[in-house]
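Here is a briefing on charged side-chain pairs and a ligand site. Have the sequence and the 3D view open as you read.

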Amino acid sequence: MADLSTSICGMKLRSPLILASGITDTTGASLLRAIRNGAGAAIIKSVSVEPREGHKGHVVQEFDDLSMINAMGLPNQGIKHAIDELIEAQKRTDAPLIANIYAGTVEDFGLLAREISKAKPAMIEVNISCPNVHDEFGTPFSALPEAAAKVTKEVKKNTSIPISIKLSPNTIAISQVAKAVEKAGADCITCINTLAGMLIDIDTAVPILSNLSGGISGKALKPVAVKAVYDCHEVVKIPIIGTGGVLTGRDAIEHIMAGAGAVGVGTALFYRGQEAFSLINAEMKEEMKRLGYKSIKEMIGLAHH
Amino acid sequence: MTLQKAMEMGVATPVKLPIAKIVDEAKDIKTFFFTHLLKSEPGQFIMVILPKLGMRPMSISSDNGAEFGTTICGVGPLSNAMMEKKPGDIIGIRGPLGKPFSGRGNHVVLVGGGYGSGPMAFWAERAIARGMDSKKIHYIVGARTKELLLFEERMRRAKVNLHIATNDGSHGYKGFNIDLLRQVIEEAKHSGNPLDMIYTCGPELMEKAVFDVAVETGTDCEISMERYMKCGIGICGSCAVDPDGLLICVDGPCVNKETAAKITEFGAYHRDASGQKVYYKKG
Ligand SMILES: Cc1cc2nc3c(=O)[nH]c(=O)nc-3n(C[C@H](O)[C@H](O)[C@H](O)COP(=O)(O)OP(=O)(O)OC[C@H]3O[C@@H](n4cnc5c(N)ncnc54)[C@H](O)[C@@H]3O)c2cc1C
Ligand SMILES: Cc1cc2nc3c(=O)[nH]c(=O)nc-3n(C[C@H](O)[C@H](O)[C@H](O)COP(=O)(O)O)c2cc1C
Ligand code: FES
């Protein structure tokens, strides 16, 4: 029997699937729903110091079979309320709940790490890679190794909870960034956030999203994500949460073979509904049985020869 | 769902439609008609998109197969911009979205408040078009005053049982539509032909009062809920309700009595654009 239970950074997971940040997860109740539906852990929507309303307008559009582009603009309740949501939700489940923080300055990342630690999340994911708030905050920290390392150090200084730095494909060398954050003390990396992109409506000659550009997720992102995981696994020893385009059990195993220890799932919730987790879990078991694997751990990094 | 099915469903990009006709319904309330095959069911909604102003959920207030309407109340930037629109102006529309009312019930009462009367009137017209006897439909509409009542003429033409309440007594019963609801339920019970379904759409505290009457009288009911919706397609989570994280844009907006009973925030609070709780003011 294939066993889906595994562990990463001290977190025990009954499935390697983790609800990715920003997908139907602004409240604690939403995290619990993902867990009920079969996720091994769940990551809350990125939290900032102050509440944010996000972009107005056309913020998300699905495209070409199973892909999506979004520019939500990081709407969230702000740190104060997010702490309450996490504490209340954690009372109702044994599964690990993971925080996710976002800031425009290194200092604010430190402040958020210190504050969110009060909720005692199982891990803190650090979103240095949102492609959709460029106008407001400039180039994301994930674009350059030094900037990414600076944030990592500051966050580490402010918390004793394991941290995962969320990397971006929108950089010249993701493996260089991965190496830099590992050296700066990261316990884990999440690979990857969305890939910057644009859709244009040719009838009106206007970009479809109100923000003009957005982040690509879903199927179109998968090969980019798998390569990012592969490249990072080559150069770092810390575990990787592979994220991007996981819609089926096969996709999840691809990420694991590239080097992921756990797998984020986002856009699949749109295409397959809230039951995406249980469906992908079942498909993984099926594939593992077919291929003769008994555990998640034995498949990690198998594609590296 | 299976991936195959998801692929077959394809993707829905917004359409850009010229306004075919605009009808003034009441002060700052207008219905916008579009000539388009929307294929919607009563209770579903669309996203109205205006460049720079945003994308906002609006209920479908009529759809006869050739033309659909949405009834908008001017309350803020986007809805007020709609009030300035003229026939021929182009509007971005995404939909139909969400779960409609079920259509169940052989003797039903529709309770609408404000622009929530739109989906109620649409429900009546669709049911009649499908063969329901108009005398088996009660339409209760309430407003502060006569000028704010919606779709009275339209429902008179549909020949449903019409019950009108105004708070100031300027038209129909003086009082709240909840009082009328109790009366209608009582009368139907005494005449030996009890009501078997209540549908409601309107301000949340009114809906909650209707729900309480449904529980009290043991009548089935369905409610169209409103929550802040940023995407309308079940991806962003802004419309999630406590305690189970149901997404009102895809698991609703129409919910049945059992579901409504489990939503602890129903009638208590909703969330704003950032996700912070906003408590309803009682009374
Ligand atoms: C399922 C559903 C159906 C609706 N049907 C109608 C309708 O038929 N007619 C109608 O006039 N209005 C309807 N609304 C409400 C309508 O979406 C808001 O009034 C509108 O978005 C206001 O936008 P604004 O830019 O004009 O004003 P804003 O100043 O942005 O908002 C005014 C108020 O509307 C609410 N609101 C704003 N944006 C949203 C949003 N994206 N989702 C939910 N509430 C919001 C806020 O609570 C705010 O207090 C519906 C809402 C939902 C969720
Ligand atoms: C609508 C939407 C909102 C997102 N919001 C966030 C966010 O707030 N913080 C974050 O770190 N990532 C965010 N992401 C990125 C996802 O967590 C994930 O990295 C990406 O979507 C790739 O995974 P997927 O292909 O499974 O969706 C968002 C993605 C989508 C589609
Ligand atoms: S509005 Fe985005 S999930 Fe419902």
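The points below cover salt bridges first, then the surroundings of ligand 1.

This is a predicted model. Over all chains it holds 28 salt bridges. Around ligand 1 there are 17 residues.

**Salt bridge between chains**

- Glu85(A) pairs with Arg271(B) in a salt bridge, with the closest N and O atoms 2.9 Å apart.
- This pair crosses between chains: Glu85(A) sits in helix H2 (residues 79-90) of chain A, and Arg271(B) sits in strand S18 (residues 269-271) of chain B.
- Both Glu85(A) and Arg271(B) are buried.
- A network of salt bridges links Glu85(A), Asp242(B) and Arg271(B).

**Salt bridges within chain B**

- Glu41(B) and Arg126(B) form a salt bridge through their side chains, at 3.6 Å from N to O.
- The two belong to distant parts of the chain, 85 residues apart: Glu41(B) is in the loop between strand S3 (29-35) and strand S4 (45-50), and Arg126(B) is in helix H3 (residues 117-129).
- Glu41(B) counts as partly exposed, because its relative accessibility is 26%.
- Arg126(B) has a relative accessibility of 14%, so it counts as buried.
- Glu222(B) forms a salt bridge with Arg104(B), and their closest N and O atoms are 3.3 Å apart.
- Glu222(B) lies in strand S14 (residues 221-224) of chain B, while Arg104(B) lies in the loop between strand S8 (90-97) and strand S9 (108-113), so this pair ties together parts 118 residues apart in sequence.
- Glu222(B) is buried, at a relative accessible area of 4%.
- Arg104(B) counts as partly exposed, at 40% relative accessibility.

**Contacts to ligand 1**

- Of the 17 residues around ligand 1, those that come nearest are Arg56(B), Pro57(B), Thr71(B), Cys73(B) and Ser79(B).
- A backbone N or O atom of Ser59(B) lies 2.9 Å from a nitrogen atom of ligand 1.
- Met229(B) also places a backbone N or O atom 2.9 Å from a nitrogen atom of the ligand.
- For Leu78(B), a backbone N or O atom is 2.9 Å from an oxygen atom of ligand 1.
- Ligand 1 exposes 840 Å² when taken alone, and the protein buries 82% of that.

**Make-up of the ligand shell**

- Strand S5 (54-59), strand S7 (67-73) and helix H2 (77-83) of chain B each give two or more residues to the shell around ligand 1.
- S5(B) gives the most, with four residues.
- The shell residues divide into ten nonpolar, four polar and three charged.
- Domain 1 (3-96) and domain 3 (225-283) of chain B each supply at least three residues to the shell.

Notes
Residues numbered from 1 in each chain as written. Chains lettered and ligands numbered in written order. Predicted model: local features only at pLDDT ≥ 70, side-chain atom pairs only at ≥ 80, totals over all residues. Heavy atoms only, no water. Salt bridge = Lys/Arg side-chain N within 4 Å of Asp/Glu carboxyl O. Buried < 20%, exposed > 50% of the residue type's maximum accessible area, 1.4 Å probe, protein only. Near = heavy atom within 4 Å. Polar contact = N/O pair within 3.5 Å; in protein donor to acceptor, adjacent residues only side chain to side chain. Areas by Shrake-Rupley, 256 points an atom, 1.4 Å probe, with all protein chains shown as cover. Nonpolar A, V, L, I, M, F, W, Y, C, P; charged D, E, K, R; others polar. Domains from an automatic or database assignment.
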